[in-house]
Amino acid sequence: MIELPLLPIKRKLKSIAVLTSGGDAPGMNAAIRAVVRFGISQHIQVYGVHKGYSGLLEGQIEPLYASSVANIIQRGGTILKTDRCEAFFEKSTRKEAAHILERKEIDALVVIGGDGSFTGASLLETETGFSTIGVPGTIDNDVAGTEDTIGFDTAVNTAIEAIDRIRDTASSHDRIFLVEVMGRNAGYIALLTGVGGGAETIVVPEHRKPTKVSIDAISKTVERGIKRGKSSSIIVVAEGNTPGFTQLIAAELEKKGHAAKVCILGHTQRGGTPTAHDRHLASVMGASAVMYLLNGKSNGMVGVRDDKIQLVPFSKVIGKTKPFPDEMLRFAQVLAV
Ligand code: ADP
């Protein structure tokens, strides 16, 4: 079980701000709550920035109190709202953002988001000297430097619940179902959903080159299943970057004599009540961000490695690809026989 690291206090903080940026993820509210309540316990005034970097530039900043974050730990989405802000790609805009924060006498900014949001945070600190720290909140679990991200467990559980339902129809009608889960560049949701949902095969973006090989492999898996007496199959497909990819697989399978239904889970995986795991992860990560700031650290992300919280410099996170556990995918195939 991950725990809050206990670190010596090396820096005095009067005020800090917290924002959520990029795609929302279940558990972001639990992280906001932890930043606010742990901050208050350390005599820090915590400000909430609405609508990510856009709201920051518009000065949408308000003090948060213990009561402001009451009754939110169980809610998906983010009470602070989130946004994608083109203007933040400009250096002059980031300088303006630092001025806005400094004018409010805010000492540091906690950014809950993914790789893109951390790029903005890192540039802000490097260019202006304003302290930033990242908390990984994304359902995709595609952030380097951490084994887990807030929202991933919830998204996987949502997808597995959907597969359990689809399986009833698949087995009653002897059908093949292609279930598309989220994951443009990363197949972590597909992998864990496939393993937990007992899928016959799992298609991940990491293994999608060339496309034809995947379809041949899927077809062979289906045929092997039929020979062994299976009348239905569940195939989990990560959405990837090619729109309509799952339909393409269905069309190709049909050409090979295997008619398949497609079910796209889409944004149902992004919302909903966070699991106990995500609430715990978010609570510890949010408080750890404040703890690291008090310890004098910044320009990095709170990550998890071997069940321990660590601070990973942004330079080791941004633009880095997390290695995909190929052996787990092979293992899933072994169990699906
Ligand atoms: P995520 O944080 O989930 O990866 P995005 O990639 O959409 O989400 O990034 C969220 C926001 O972070 C962007 O809208 C932008 O404001 C900021 N951002 C992303 N990349 C950069 C960058 N290279 N420079 C400055 N800001 C960035």
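Which residues touch the most other members of the largest nonpolar core? In this predicted model, that core holds 67 residues, and the ones that touch the most other members are Ile16, Val110 and Ile234. Helix α9, which covers residues 276-294, gives the most to this core, contributing 11 residues. The core also draws on both parts of the protein, taking at least three residues from domain 1 (15-151 + 274-316) and at least three from domain 2 (154-270).

Isoleucine 16 shows what such a position looks like in detail. Once its neighbours within four places in sequence are left aside, isoleucine 16 is in contact with Val35, Ile44, Gln45, Val46, Tyr47, Ile106, Ala108, Val110, Val290 and Leu293. Val110, named among these contacts, is itself one of the residues that touch the most other members of the core. Apart from this core there is a second, separate one of 25 residues, with Val49, Ala97, Leu109 and Ala121 among them.

The next topic is how the two domains meet. The protein is divided into domain 1, made up of the stretches 15-151 and 274-316, and domain 2, which spans 154-270. Their C-alpha centres lie 34 Å apart, and where the domains meet, 12 residues of domain 1 are in contact with 10 residues of domain 2. The size of an interface is often given as the accessible area lost when the parts come together. For domain 1 and domain 2 the buried area is about 890 Å², of which 53% falls on carbon and sulfur atoms.

Polar pairing is also present between the domains, with 5 residue pairs in polar contact counted between domain 1 and domain 2. The interface of the two domains has 1 salt bridge. Aspartate 24 and arginine 270 form a salt bridge, in which the closest N and O atoms are 3.0 Å apart.

Most residues other than glycine have a negative phi. Lysine 51, however, has a positive phi near 60°, and its place is in the loop between β2 (45-49) and α2 (52-57). Lysine 81 likewise has a positive phi, near 65°, and is found in the loop between β3 (61-64) and α3 (91-103).

Are these two lysines buried, partly exposed or exposed? Lysine 51 counts as partly exposed because its relative accessibility is 30%, whereas lysine 81, at 52% relative accessibility, counts as exposed.

Conventions. Residues numbered from 1 in each chain as written. Predicted model: local features only at pLDDT ≥ 70, side-chain atom pairs only at ≥ 80, totals over all residues. Heavy atoms only, no water. Core = buried A, V, L, I, M, F, W, Y, C linked by side-chain atoms within 4.5 Å. Buried < 20%, exposed > 50% of the residue type's maximum accessible area, 1.4 Å probe, protein only. Helix = DSSP H or I, 4+ residues; strand = E, 2+ residues; numbered from the N terminus. Domains from an automatic or database assignment. Contact = heavy atoms within 4.5 Å. Buried area = accessible area lost by both parts, 1.4 Å probe. Salt bridge = Lys/Arg side-chain N within 4 Å of Asp/Glu carboxyl O. Polar contact = N/O pair within 3.5 Å; in protein donor to acceptor, adjacent residues only side chain to side chain.
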